[in-house]
Amino acid sequence: MIASWRFSALADRHRAMGSNLEDWSGMGTAWTYDKDQKEEYEAIRTKAGVMDVSGLKKVHISGPHAQYVIDKATTRNIEKLKPGRSTYATMLNDAGKFVDDCVIYRMGPHSFMVVHGSGAGHEQLAMYAAGRNVVMMFDDDLHDISLQGPLAVDYLEKHVPGIRDVIYFSHIQTTLFGKPVMISRTGYTGERGYEIFCRRQDAVEIWDTIVAEGAEMGIIPTRFTTLDWLRAESYLLFFPYDNSEMYPFEDEAPGDTLWELGLDFTVSPGKTGFRGAEEHYRLKGRERFKIYGVKLEGTEPAPEGAVLLKDGEPVGVVTICMNSELNGHTVGIARMPVDCAVDGTPLTIRAGDKELPCVAHSMPFYDVDKKRRTAKG
């Protein structure tokens, strides 16, 4: 564990399963376990898995100017967000380039929680909070235990009345095992899932109880990096691992547009006035590359950062790739030229001394209509 200044209450549970608590966003995180990762992936796709995602940064923003802060810092129209609902949003810099993504939870008229990753989200919020009638608090006591998979709701139903009525991107204040929690119908897996926000002092008891009780249903602990297998199928980007901060341009500074990343849907229709808005709209149609899928022949996944070739010439890079025996495909996310980002374009991936044939393919590869993650009842 290096450079960590944030600490999960579940660290000992991760160590017991073989994790070295690799650093992510300043927190020692379970990137590895001494067990089969394929089993974890298949558990989330067919049953459920429980994962510690407390490394996500939780920021409370409250006060009369809270909505102003979030409206300026993010791409969503917050006026339309009802208490008890949440929304996925992005943040841009002055050049209209992506700097972070987040989920915004509306807790009340003047109260919000913003949960973001390892980008510049906190700094962006703080910039607009300065001098305003608002309180901004970074909350690392609040832990985030993610229970993801088709059986997650069946398990929680035993303990949380009305959990089946919690629709996608909404949340409730309730109790779990007698402890106060907020349960959100969100996640990062492409499955129906829930995030359980709890106090640090309750995290171990909640984790242990889910693991013990869930075992008979096939619910198992899963490492953080199992998300990579799931997100490759479900078109979920992970900053900076799909971005130019990781794969720099040859002749310009890092920074990707929402048009290039396929995240332009995160801008509420007609919204202006947020940071980078003018440049965002100006850059439409000026994409230097596109994030797009690749579907490989065979069962061997390409390594992260493998070079993407068109007619033998390097044209891009594969950012993540996986093979699923369950779904019978080998698929990945890539950065490629705009003219290659067309279904069926023949490409090759250079993986060491091998060349792996593939074609460009639209995403997501799994649950294309997103019926699983949005299911009701």
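## A buried pair to start with

R335 and D256 are both buried (under 20% relative accessible area, with exposed meaning over 50% and partly exposed in between, using a 1.4 Å probe and protein chains only). These two residues form a salt bridge, with their closest N and O atoms 3.1 Å apart; the term stands for a side-chain nitrogen of Lys or Arg within 4 Å of a carboxyl oxygen of Asp or Glu. The pair links distant parts of the chain, 79 residues apart: R335 is in strand 17 (residues 329–336) and D256 in the loop between helix 7 and helix 8. Helices (H or I, at least four residues) and strands (E, at least two) are DSSP runs, numbered from the N terminus.

A word on what you are looking at: this is a predicted model, in which local features need pLDDT of at least 70 and side-chain atom pairs count only at pLDDT 80 or more, while totals for chains, interfaces and linings use all residues. Residues are numbered from 1 along each chain as its sequence is written, and side-chain values use heavy atoms, with hydrogens and water left out.

## More salt bridges

Side chains of opposite charge can pair when their charged atoms come close. By the salt-bridge rule, the count comes to 22. One of them joins the side chains of E191 and R45, at 3.2 Å from N to O. Because E191 lies in the loop between strand 11 (179–184) and strand 12 (193–198) and R45 in helix 2, this pair ties together parts that are 146 residues apart in sequence. E191 counts as buried at 5% relative accessibility, and R45 counts as buried at 2%.

R288 and E252 form another salt bridge, their closest N and O atoms being 2.7 Å apart. R288 lies in the loop between helix 9 and strand 14, and E252 in the loop between helix 7 and helix 8 (258–261), so the pair ties together parts that are 36 residues apart in sequence. Here R288 is partly exposed at 28% relative accessibility, and E252 is partly exposed at 36%.

The chain is divided into domain 1 (10–57 + 141–233) and domain 2 (288–366), with bounds that come from an automatic or database domain assignment. Their C-alpha centres lie 30 Å apart. Twelve residues of domain 1 are in contact with 13 residues of domain 2, contact meaning heavy atoms within 4.5 Å.

The size of an interface is often given as the accessible area lost when the parts come together. Between domain 1 and domain 2, the buried area is about 1100 Å², and carbon and sulfur atoms give 59% of that; this is the accessible area (1.4 Å probe) that two parts lose on being put together, summed over both. R231, A232 and E233 supply 50% of the area that domain 1 buries against domain 2, more than any other three residues.

What polar links join the domains? There are eight residue pairs in polar contact between domain 1 and domain 2, both residues at pLDDT 80 or more. A polar contact is a pair of N or O atoms within 3.5 Å; within protein, one must be able to donate a hydrogen and the other to accept it, and residues adjacent in sequence count only if both atoms are side-chain atoms. On the side of domain 1 that touches domain 2, the elements giving two or more residues are helix 2 (37–46) and helix 7 (226–234). The count of salt bridges between the domains is one. The side chains of K38 and E325 meet in a salt bridge, at 2.8 Å from N to O.

## A closer look at helix 2

Which residues of helix 2 are buried? They are Q37, E40, Y41, A43, I44 and R45. The buried residues of this helix pack against strand 3 (48–52), strand 9 (143–148), strand 13 (219–221), helix 7 and strand 16 (313–324). At the start of helix 2, a side-chain oxygen of D36 reaches to within 3.0 Å of the backbone nitrogen of K38.

D71 is found in helix 3 (residues 66–73) and counts as buried at 19% relative accessibility. A polar atom of the D71 side chain lies 3.3 Å from the backbone nitrogen of I78. Not counting residues up to four places away in sequence, D71 touches R76, N77, I78, K271 and F274.

Is G285 buried or exposed? G285 counts as exposed, at 62% relative accessibility. This glycine is found in the loop between helix 9 (277–282) and strand 14 (290–296).
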